Amino acid sequence: MNGATALSRWPRAGVAVPGAAALLLVAALTLGAVAVVALRAEGPGALSAADWRAGWFTVRQAALSALISVALAIPLARALSRRRFAGRDALARLMGAPFLLPSIVAILGVSAVWGRSGWVSDALASVGLPRLDIYGMPGVLLAHVFFNLPLAARLLLQAYAAIPPERWRLAAQLGVQGWALFRLVEGPALRGAIPGALAVIFAVCATSFAVALALGGGPRATTLELAIFEAAVHEFDLARAALLALLQFALCAVAALAALALAAPLATAPGLARLTERWDGASPAARIGDALAIALGCLFLGLPLLAVLLKGAPGVIGLPDAVWAAAGRSLAVALVSAALTLALALPLAALAAALPRRAALWAEAAGLLPIAASPFVLGIALFIALRPWADPAALALPLTALVNAVMAAPFALRILLPPLRQAQAEHGRLADSLGLRGLARARILYLPRLRAPLGFALGLAAALSAGDLGVIALFSRPEAPTLPLLMHLLATSRQLDAALGAALMLIGLSFGLFWLFDRWGRG
Amino acid sequence: MIALEGMVAQSGDFILRADLAIPKGAFCALIGPSGGGKSTLLLAIAGFVAVTAGRVVVAGRDLAGLAPAARPVSLLFQDNNLFPHLSVAQNVGLGLRPDLRLSAAQAARVEAALAETGLEGLGARLPDQLSGGQRQRAALARALLRDRPALLLDEPFAALGPGLRAEMLALVRAAAAPRATTVLMVTHHPGDARTADLAAFCASEDGAGRIDGARPSAALFADPPPGLAAYLGATG
């Protein structure tokens, strides 16, 4: 694997110094942040019964979200892997959407479909049944499954795509069908992918903030991240916030390490994987089952998006100037955040690709630390550290961009590392023998392979940052909000039309940024 | 017997035209450059690639519209002939019952097929505990149990050394002869093709493949058509 480093063992200074700097920065901003908050706390904090309840709720909702998402993804992935139909590509793009969708917008969409005055409740009421009440666990699960069902389906589709075509041919030749086929061909492939999918979704849901804030409903349905926010911002109890952050760190570190160990990196192309020709599923029952799985999947994922589009369209006309100003701020934050993400992830990836195997694993694991970190703890630590020198509120936007970049760095690292390693493994020796070094090596060996992953990573980082409602809530002054914060303020002050209009603009901003960068990457 | 009459097979943009007649029990080698359509031919006969014109007849049956499992053929791939999580005996047993609920008599037949292919006592192993040659022997054992009139070999021995390859070919011939199985084998090795009863050349021109009948292999190699002569080169 490490052909280029077989002789020298350790990477050259041009790779080692920036990589080590990025590594230290990430470690300081995650583990260091917890230490800063804990030191600042007056006296040892104590966790209340409510905090432990929040911890237990966090675990339960994350576990249930993961189980439900993966269970529903199996029939969906199975159907998508063996059917060709018009609109299949559109569905593929739709499945990439929830991951980029700003959580606050998705929550609005999920509420518009499943909430008390949503479409489903309207339909139930019209036939005399009671309206749904999703606040609490059901709402949190609905929103999390909406986000993660497509992620799970894509991971399982990758597992389907990895099944050698001969295996399907062999099964068809031997006449293996139905359940026997599932056990013989599909089961073993899925068994390899399911633990990783469960771990990834658990880790994502365990740090959930906006969903719990909007749909959690009271102290019985509070996540740790929400408890950190309340302890720090509403009660200014830093000791408790630090303890909660440690608890969350421990919980998420376990999940994140499991995800790292178990999950295959998500393929760069957000579309469906290569289509293998199949001979199973010709029976009427299989056709009906697949059609049902695909139709229900489309409805579940599409309706909330449609609700936001339909309800938001009228609100776009005559949006107040404040919304445009907020959109400008969000755009600036997103672009800076994307650049910072790359500035962290690229040196880290280069370092991890150049290190010997065991050390590389440590570097990669350290680069993934932010998955387990709380952006609020990071925000509070920055707040504490900067207050003696500057007014943190004046730095609200740069700090938000920095925190977003740190949180996006693990995703970017996971996207960039595999192609770097592959380039190194396949042509590293050739490049060595030709004496390619430094910039020439980067230009000839790495950049051609990295362009698409770079575009994807930049687009992802920009979209996530543009749509993030999290740490900005800590710093921002009400007169200079970002677009997600303004949307949240509009929604909570009952200006729903304006909120929906802002939501539409936010969707346009997030997806537009992703589309532009991703398109650049594809040349 | 295997008979292709004006067959046109299409896989993506690639088109293969073939006329070929192999009498019952004969061993025919198919040789030609990569990408010429040799594998496409086998996939078309086995029902994995669409036949858009002409007829495919095996053992007197027109195969049009038949599902892969219903066709009177067994196909051995170059690779991935065994399910990695099933034991060798289970993999072979699939040839008798896809749900693997084997009777005692069927289990005995599995043992006999393993013995015939030189895998006696290895039935409990997993495929990755076998050598490459042993894995292909197990796939051959399953084909013997299925006992279809035609056996299609898609370079299943290409990764083996010359000695092992000769051994496997002898094994195939020894197993096919008493059953009067018609064998069609794709190969890259002129030496292997020379030992066959018949040989056919798969020519490649402008992204299309063409197979124009089989001849006794001694005759074909004694007087190769221009395309085959070019493929064989100076060493041919």
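In chain A, helix H1 (residues 13–40) packs against helix H14 (residues 357–367) at an angle of about 45 degrees, and their axes are 9 Å apart. H1(A) and H14(A) are therefore oblique to each other, and their crossing is left-handed. On the side of H1(A) the contact is made by Leu23(A), Val26(A) and Ala27(A), while H14(A) brings Ala363(A), Ala366(A) and Gly367(A) to it. Sorted by class, this contact of H1(A) with H14(A) holds five nonpolar residues, one polar residue and no charged residues. The model in which this packing is seen is a predicted one.

Domain 1 of chain A covers 11–40 + 318–523, and domain 2 of chain A covers 44–313. The centres of the two domains, taken over their C-alpha atoms, lie 23 Å apart, and the contact between them draws 36 residues from domain 1 of chain A and 33 residues from domain 2 of chain A. On the domain 1 side, at least two residues each are supplied by H1, helix H15 (375–386), helix H16 (396–433), helix H17 (438–466), helix H19 (483–492) and helix H20 (496–521) of chain A. H20(A) gives the most to that side, with nine residues. The side of domain 1 of chain A that touches domain 2 of chain A is made up of 28 nonpolar, six polar and two charged residues.

Val140(A) is placed in helix H6 (residues 137–161) of chain A, and because it has 27 C-beta neighbours inside 10 Å, it counts as buried. Once its neighbours within four places in sequence are left aside, Val140(A) is in contact with Gln61(A), Val211(A), Ala212(A), Leu215(A), Gly216(A) and Ala221(A). Leu101(A) stands 39 residues from Val140(A) along the chain, and the C-alpha atoms of these two residues are separated by 16 Å.

Chain B is also divided into two domains, with domain 1 spanning 2–72 + 148–232 and domain 2 spanning 84–147. Their centres, again taken over C-alpha atoms, are separated by 25 Å, and 12 residues of domain 1 of chain B are in contact with 11 residues of domain 2 of chain B. Helix H5 (residues 162–179) of chain B gives the most to the domain 1 side of this contact, with six residues. That side of domain 1 of chain B divides into 10 nonpolar residues, no polar residues and two charged residues.

A further helix pair in chain B is formed by helix H3 (residues 104–116) and helix H4 (residues 132–146), which pack at an angle of about 130 degrees with their axes 9 Å apart. That angle makes H3(B) oblique to H4(B), and H3(B) passes H4(B) in a right-handed crossing. Arg109(B), Val110(B), Ala113(B), Leu114(B) and Glu116(B) of H3(B) make the contact with Ala141(B), Leu144(B) and Leu145(B) of H4(B). By class, the residues of the contact of H3(B) with H4(B) are six nonpolar, no polar and two charged.

Finally, the two chains meet in a contact that takes 16 residues from chain B and 14 residues from chain A. The side of chain B that touches chain A consists of 10 nonpolar, four polar and two charged residues.

Methods: Residues numbered from 1 in each chain as written. Chains lettered and ligands numbered in written order. Predicted model: local features only at pLDDT ≥ 70, side-chain atom pairs only at ≥ 80, totals over all residues. Axes fitted to C-alpha atoms, helices over the stretch in contact; angles between N-to-C directions. Helix = DSSP H or I, 4+ residues; strand = E, 2+ residues; numbered from the N terminus. Parallel < 35°, antiparallel > 145°, perpendicular 65-115°, else oblique. Left-handed = near helix turned anticlockwise from the far one by under 90°. Contact = placed C-beta atoms within 7 Å. Nonpolar A, V, L, I, M, F, W, Y, C, P; charged D, E, K, R; others polar. Domains from an automatic or database assignment. Buried ≥ 20, exposed ≤ 12 C-beta atoms within 10 Å, placed from the backbone.
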